[in-house]
Each structure stands twice: as C-alpha cells, then as structure tokens.
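Visitor: Hi! I'm new to this one, could you walk me through it?
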Amino acid sequence: MPGEASLLAGLGRLYYERDFYAESRRYLSQALSLFRAAGDVRGEAATLAALGAACREQGHLAEALHFLGEARPLWDGLADAGALAHVRRLAGTVHLERGDYPEAWADLDAALTLYREVGSSRGAGLTLRNMSLYHRARGEYGPAERLCEQALEIFRGLGDRLMAAYCARSLAKVQIRIGRHDQARRLLEEALGVTRTLHDRWGEACTLRTLGELDLAEGGLYRAEARLEESARLWETLRLGLFRARTLRDLASVREALGDADGARALLAEALEVFRLHGSREHGELSR
C-alpha cells in the first residue's frame, strides 16, 4: 500500500508539472486515501499540500484552502519548517486570489520567515514575488517593484530561467501600471521567449496576456486583441477558467475601445460569472 500511494502521488505531481491539473487531482486524491489508511502522516501532509496547489491553479480557491488547512497542522507536528513554509506561502497566494488581504500577508510573512530560517533562497524568492503581487493588487507600486526586483535577482543568481521569467513578467506588470512601457516590453519579450523555449504553456499564456495589457495601454488595439485572443485560447486548452476570465476582462476593454460595446458587455458578463463562481477578488471589484 505505501508503494502504491507513493506511485500515485508521483503521477499526481507529474501531471501537475505538465499543467494537467484535473488528472493531477485524481491521482493525488487516490494517494491521499492510501497514505491515510497506512498511517503515513508525512505522505498525507505532502499530498494535501499538492492537492491544495492543484486546486489553486484551477481556481478552486475554497477547496485549496481546505486542503492546505489540513496540511498545515500535520507539517507543524512533524516540525518540518520548510514544508510548513511551502504550505503557508501557497495559502497566502490563495487568500490573495480571494482578496483576503490581511490573511494573505500573514501567511506570506510567516512563509518568508520560515524559508529564511531553513536557508531556502528559492523559497524566499518565491515568497518575495508573491509579496510583490500582494502590493500590486493593492496599488502599492513602490514596494511591489522593489520586492519583485529582489526576487528576480535571487532567481537569476540560482540560474532558474523559468522563475526569473515569471519575476520579469511580474515586474513588467508593475512598470505598465506606472507608465514605463519600454522597460516593460523588453522584460516581456524576454519572458515570452523563455516560456516558449521551455514549453511552459501557463507562463506563455500569462505573458501573452500581459503583452496584451501593454499594447492596450499604448493604444495598439489590434495588437492587444491578437495577444489576448491567443492567451485566451491557451487558457482554454489548459482548462483554466479563472485565468481565461481575467483575459476576457482585458479583451472586453479592447473591444470597448474598438467601438464594439455589445461584444465588450458580453465578454465582461462572461468573466464576471466565472469570478463569482470561483469566489475571486475580481467579482467584488467589478460588482461595486
């Protein structure tokens, strides 16, 4: 039984890394039952954390918090600070997706402390990037930029091209908001090249969306439309409805600027319904 549980958990992680999140959850759920039956607390805790991550990627935010909440006391009991940091960081990102800002910051701050205690530069870099996203979501662009630059420096130092590309994209998004378009475009073109070279479809879709935002900010409406439509197709392929909805919201702004008011309203209504179903912070922002 322990061997079968480990095999299923490994398959779940493999499918997660390949962006097949529904399949990942199926194998992880089977593994979780076997780990629990075997009394393997460490295996159970790791699988709960992996389930939380898979749910987060799919936008199933309440479920993600459920699994991460179950994993947290198990890792605490096992006195594994690194694993606990991982769970706190993931929970912080989910709270951020939901717009629960105090809870998000508490988890991210705790994660950063734990990662630094165990000497994990990579964990610290991931958390600093998430903290940057927190500040950006609140319109606090100075700290958002500073923290993202710190994360980018860490990943470049580690030689992690993919996470450096993710940080570059996050930094570019801040720069778009403060009007530094030339710097943003250089970072985004570099990030797009890396994600395509490494066949990272999630990163490619996200970078295309950000390029669409930049084109929109510069008035390149048809370029923005093409980028955003390409991003939306990738999200649909990946079956990630929440991220597709965010892209549709941007595409609605493009259609509005092009004079297609009816098309813009339809896209925005579709996005708003997805935000409502997922309980994401955008639903509250757009419903005010």
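Guide: Happy to. One term before we start: a helix here is a DSSP run of H or I with at least four residues, and helices are numbered from the N terminus. Arg 88, for example, lies in helix α5, residues 81–98. Keep in mind that this is a predicted model.

Visitor: Okay, is Arg 88 buried or exposed?
Guide: Arg 88 has a relative accessible area of 13%, so it counts as buried, the cut-off being under 20%.

Visitor: And which residues does Arg 88 touch?
Guide: Leaving aside residues up to four places away in sequence, Arg 88 touches Arg 72, Ala 106, Asp 107, Leu 108, Ala 110, Ala 111 and Leu 114.

Visitor: Which residues are buried in α6?
Guide: Tyr 101, Ala 104, Asp 107, Leu 108, Ala 110, Ala 111, Leu 112, Leu 114 and Tyr 115 are buried there. As a general point, an α-helix has 3.6 residues a turn, so residues three or four places apart point the same way.

Visitor: What span should α6 have, and how far apart are its ends?
Guide: Helix α6 covers residues 101–118, and its 18 residues should span 26 Å at 1.5 Å a residue. The end C-alpha atoms are 26 Å apart, which agrees. Just after α6 comes Gly 119, with a positive phi of about 75°.

Visitor: Switching topic: how many aromatic pairs does the structure hold?
Guide: It holds 9 aromatic pairs. One of them is Tyr 15 with Tyr 27, which is stacked, at 5.4 Å centre to centre and 15° between the planes. This pair links distant parts of the chain, 12 residues apart: Tyr 15 is in helix α1 (residues 2–17) and Tyr 27 in helix α2 (residues 21–38). Tyr 15 counts as partly exposed, at 23% relative accessibility.

Visitor: What sits over the ring of Tyr 27?
Guide: The charged end of Arg 26 does, 5.7 Å from the ring centre.

Visitor: Which residues of α2 are buried?
Guide: Tyr 21, Glu 23, Ser 24, Arg 25, Leu 28, Ala 31, Leu 32, Leu 34 and Phe 35 are. For length, the 18 residues of α2 should span 26 Å, and its end C-alpha atoms are 25 Å apart, which agrees.

Visitor: Last one: where does Arg 239 lie?
Guide: Arg 239 is in the loop between α12 and α13 (241–257). Its phi is positive, about 60°, although Arg 239 is not a glycine. With a relative accessible area of 46%, Arg 239 is partly exposed.

Conventions:
Residues numbered from 1 in each chain as written. Predicted model: local features only at pLDDT ≥ 70, side-chain atom pairs only at ≥ 80, totals over all residues. Heavy atoms only, no water. Phe/Tyr/Trp six-rings, centres within 6.5 Å; stacked < 30°, edge-to-face > 60°. Helix = DSSP H or I, 4+ residues; strand = E, 2+ residues; numbered from the N terminus. Buried < 20%, exposed > 50% of the residue type's maximum accessible area, 1.4 Å probe, protein only. Lys NZ or Arg CZ within 6 Å of the ring centre and 35° of its normal. Expected span 1.5 Å × (residues − 1). Contact = heavy atoms within 4.5 Å.
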